[in-house]
Amino acid sequence: MADVTIPVSAPPVHADEALVGPSGPRPRKVISRRNIILYGTLFVVAVYYLLPLYVMIVTSLKGMPEIRLGNIFSPPVEITFQPWVKAWAEACTGLNCEGLSRGFWNSVRITVPSVVLSIAIASVNGYALANWRFKGADVFFTILIFGAFIPYQVMLYPIVIMLREIGLYGGLYGLIIVHCIFGMPILTLLFRNYFTSLPEELFKAARVDGAGFWGIYFKIMLPMSLPIFVVAVILQVTGIWNDFLFGVVYTRPDYYPMTVQLNNIVNSVQGVKEYNVNMAATLLTGLVPLIVYFISGKLFVRGIAAGAVKG
Amino acid sequence: MHEARRPNPLFRNLSAKIAAIPMILTALVVFAGGTIWTIIYSFTNSRLLPRENFVGLDQYERLWSSSKWIISIQNLLIYGVCLLVFSLVVGFLLAALLDQKIRFENTFRTIFLYPFALSFIVTGLVWQWILNPQFGVEGIVRSLGWTSFSFDPLYNADIVIYGILIAALWQSTGLIMCLMLAGLRGIDEDIWKAARVDGIPMWKTYAFIVIPMMRPVFITTLVIIASGIVKVYDLVVAQTGGGPGIASEVPAKYVYDAMFLSQNLGQGFAASTMMLLTVLIVLIPWAYLEFGGKKRG
């Protein structure tokens, strides 16, 4: 879907036909009324979309006196990185003044295992569903997919009870399990569809050669499905990093992920509002998914399309 | 498809079944079990801890007589309808513009989609800052000389939900645009050629040929937007915290507040069951149309 459309090229011109007349599409005028409207509209919309990012960056580089005087769109007169330092290491949430760094490391400690574990589980699941279908598998799969649409609120409290029963409520491990659970529908769908699209002969040949469930998975399926793993990683890293609800419900303040801590810093009612620090903190939190997004490019688009298009 | 050709003895699929245990547990215990548990306990008067003291529909009566819940539902309706309409229209228009074989298509798409990579918390906080009446848009227009100019959606209870809508649209139209673009690219080039040969104007081709052909894309997009709408929570928490007063409360926040802040579990369960009901009203007809029809055909 992400391909750039290539204009239909003119058919090869033979010597005798060349005399008949010009062939191929008429060359377009570069500056036409249509193009001005088209690019003008796109440009205006693009400015609108970029504005918040610009405001974030600009505000985070100003000092507070300058913010009080100027407007939010004007570029900083005097660039200062103090707000960034403060947001990272000194900003307060309640009594704790360690800055966002704690939230950042919590988020890392949540995201990395959650991504690895959820993808491992979902890929094996998808593989079982695609190649080793057993009776009843479709029923479970349907429930799973339905679960993706059910509002999380319905399952919030039962999971609190379950985690409390196994003693993981409030810590990082509990949250990791929760992320694995809620990532499962979409990832399983992703992997199932991918493995189904691989040629069945491969699987059959491996079966004839005596490979078993895990043998085929590790020796044939895994090496062939690197792209879909990358898509899944992108999907999960951004999804888990950006999560707020599960973080706030299933962890204690010590283990709050970055998003929760950011919200607590910015929306705390105590003290003077330091907008520059707030914006630096906001940018810091948005940086990880933004980097993932700008690096992954087309794969990100593929990920959301895969997540969106039903099986 | 596979079973028909391959005999399926229990032992041969044992590893597959073991591998599927996490999925089975999630589907049965968490998704199905958790949902049923919540529905059952919504009929109890649980407060700090869940109790099996059944009180019939009391919680629901209390829910629907609570002004906070009524406002939540109204907000969800306004937010939902506006988001649905605007994101579909804007998303489609942007996709149509990008589909004109333009240059820098990738750049434009990257720009339109990047907000989608950001969390709702980040989105909410940025727009809270831009809509700040003192320093943001209102302050700037006033400093230009138009002193009576007023644009403070986040501090005006009547229009606060539209302030949230602006942020939500900024965050999510890129996704809709991408889905629509994929749909447009799926349309056969010959159809465009045929329309051009027949001299049909471009807007007519879109309105009467292309859009009807993209019906499945529209339906999928609709379901994605709709299921996102009901879940809206973080954005409100970050941007307004439900304020001013209770003017921008939404159901998901009502549930969280009841369960974890005001020790009113029964209310939370009842409210979340109502949310489930809303989703099912959207989901069941869709699932029926999409999957029910396919099996028969």
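Q: What are the helix and strand percentages over residues 73-286 of chain B, and how far apart are the end C-alpha atoms?
A: Helices (H or I, at least four residues) and strands (E, at least two) are DSSP runs, numbered from the N terminus. Residues 73-286 of chain B are 75% helix and 0% strand. The end C-alpha atoms of that stretch are 22 Å apart.

Q: What should I know about the model and its numbering?
A: This is a predicted model: local features need pLDDT of at least 70, side-chain atom pairs count only at pLDDT 80 or more, and totals for chains, interfaces and linings use all residues. Residues are numbered from 1 along each chain as its sequence is written, while chains are lettered from A and ligands numbered from 1 in the order in which they are written.

Q: Which UniProt feature sits at residues 73-286 of chain B?
A: UniProt positions are given in the numbering used here, feature names are shortened, and annotations may be inferred rather than shown by experiment. An unreviewed UniProt entry places "domain: ABC transmembrane type-1" at residues 73-286 of chain B.

Q: Where does UniProt put the "transmembrane region" annotation in chain B?
A: The unreviewed entry lists several ranges, including 21-43 and 110-130. Residues 21-43 of chain B are 91% helix and 0% strand, with end C-alpha atoms 32 Å apart. Residues 110-130 of chain B are 90% helix and 0% strand, with ends 22 Å apart.

Q: Which domains does the assignment give for chain B?
A: Domain bounds come from an automatic or database domain assignment. For chain B these are domain 1 (1-41) and domain 2 (58-296). Their C-alpha centres lie 34 Å apart.

Q: How many residues of domain 1 of chain B are in contact with domain 2 of chain B?
A: Two residues are in contact if their C-beta atoms, placed from the backbone, lie within 7 Å. Four residues of domain 1 of chain B contact four of domain 2 of chain B.

Q: How many residues of chain B are in contact with chain A?
A: Here 79 residues of chain B contact 74 residues of chain A. Helix α3 (residues 21-41) of chain B gives the most to the chain B side, with 13 residues.

Q: How many helices and strands are in chain A?
A: Chain A has 14 helices and zero strands. Among its contacts with a separation of 6 or more, 75% join residues 24 or more positions apart.
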